[in-house]
Every structure is written in structure tokens, then in C-alpha cells.
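Good morning, and thank you for the time.

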Amino acid sequence: MSTLVAYFSATGTTARAAKALAEAIGADLFEIAPEHPYSSADLNWNDKNSRSSREMADEKCRPAVTGDAPDMSAYDTVFVGFPIWWYVEPRIVDTFLEAHDFSGKTIVPFATSGGSGLGKAPQRMASLAPGATVTEGRLLNGRLDANDLRAWAEGSAR
Ligand SMILES: Cc1cc2nc3c(=O)[nH]c(=O)nc-3n(C[C@H](O)[C@H](O)[C@H](O)COP(=O)(O)O)c2cc1C
């Protein structure tokens, strides 16, 4: 069985981390692509009416994704990467989790942020992926070393 690195990235930071991780560990890479890409106005956290503010204010919000879905049955470990939004995973990550059957698989969260940790994201993700083991995950902020990524990934995968 193989490993998948799935990620959502609004402005490219998490995409870079995801690519570095997938390359370091030889995993497949999958982008969780929004049907409607986020504009900079959408991402304005100072505006409580911006799209991201409205989405994050609604726990049940599930923004639509586009593109082909990966064949989850091919993977036993799925790294799921995202930017921290309001201390947790963006709702579109919840869309992705609910769209697939992760039972029996290991989900390893990773995130980039302005400084916040993963917060309650792993617990929230576990509640949306019944039967999966969700690890505590880690931030992938800053410079990423391939050996460090490999060592962490080996300790996280099952
Ligand atoms: C709507 C929104 C909310 C955010 N909330 C947080 C936060 O709670 N804590 C934090 O450290 N950074 C926060 N950030 C910053 C992002 O997590 C950070 O810039 C991230 O690396 C962006 O990743 P991306 O380029 O893959 O989208 C927020 C950014 C946006 C757009």
C-alpha cells in the first residue's frame, strides 16, 4: 500500500510544504482544489463578511471541491495538509474528509500557519473520518529538511 499527501492551499505556502513532503517520502500528491478559488478578498480575516470568515463561522459549511477524486483504497496512510484558519482546518478540508472512506487508514495532519499550532484540528478531523486513526500531526512552517521530513513521516505512518 502506498502513501498519499493531500493538501489544500489558498496562497501557496502549504502547497510548497506538501510538495517537499511528498518528494521526501516518495508519496503521491493530491490537491484539494476548491470549485471556486479563494480571492484575496475572500481571505480577509479582518472582514467578518468575507467568504473565509463566513465559512469558518459555520461549522457545517462544506465548500465544494473540483477535479478527480483520488482512489483512497490504494492508500493506507494519508497526510492531509492545510493552512490554519481561525485555529483549525479550513472547512474545505472537512469536505474532503467526509467525501472519502478513511476507515482503517492513518491520517497524519500537517499545517502551515502564521504561528498558531494545529489546535483542535486533529480531533475535529478524527470526528469527520470515522474508523481512521488521526495522529497529532505537526506544523510544517519554515525551512523544510528532507531528512527531517522523512524521519517524521516514518514515525507517523503505520
Ligand atoms: C482566513 C484566514 C485565517 C487564518 N487564521 C490563522 C490562525 O488562526 N492562526 C495562524 O497562525 N495563522 C492563520 N492564518 C495564516 C495562514 O495559516 C498562513 O498564512 C498559511 O501559511 C497560509 O497557507 P497557504 O498559503 O497554503 O494558504 C490565517 C489565514 C487566513 C487566510
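By contact I mean heavy atoms within 4.5 Å. Helices (H or I, at least four residues) and strands (E, at least two) are DSSP runs, numbered from the N terminus. Please note that this is a predicted model, in which local features need pLDDT of at least 70 and side-chain atom pairs count only at pLDDT 80 or more, while totals for chains, interfaces and linings use all residues. Residues are numbered from 1 along each chain as its sequence is written, and side-chain values use heavy atoms, with hydrogens and water left out.

I begin with helix α1, residues 13-25. Its 13 residues reach 19 Å from first C-alpha to last, close to the 18 Å expected at 1.5 Å a residue; the expected span is 1.5 Å times one less than the number of residues. Which residues of α1 are buried? They are T14, A15, A17, A18, L21, A22 and A24. Buried means under 20% relative accessible area, exposed over 50%, and partly exposed in between (1.4 Å probe, protein chains only). The buried residues of α1 pack against strands β1 (2-7), β2 (28-31), β5 (75-83) and β6 (106-112), and against helix α5 (146-156). After α1 comes G26, with a positive phi near 70°.

I turn now to two further residues. W45 sits in the loop between β3 (33-34) and α2 (51-57), and counts as exposed because its relative accessibility is 60%. S52, by contrast, belongs to helix α2 and is buried, at 4% relative accessible area. Setting aside neighbours within four places in sequence, S52 contacts D42, L43, N44 and W85.
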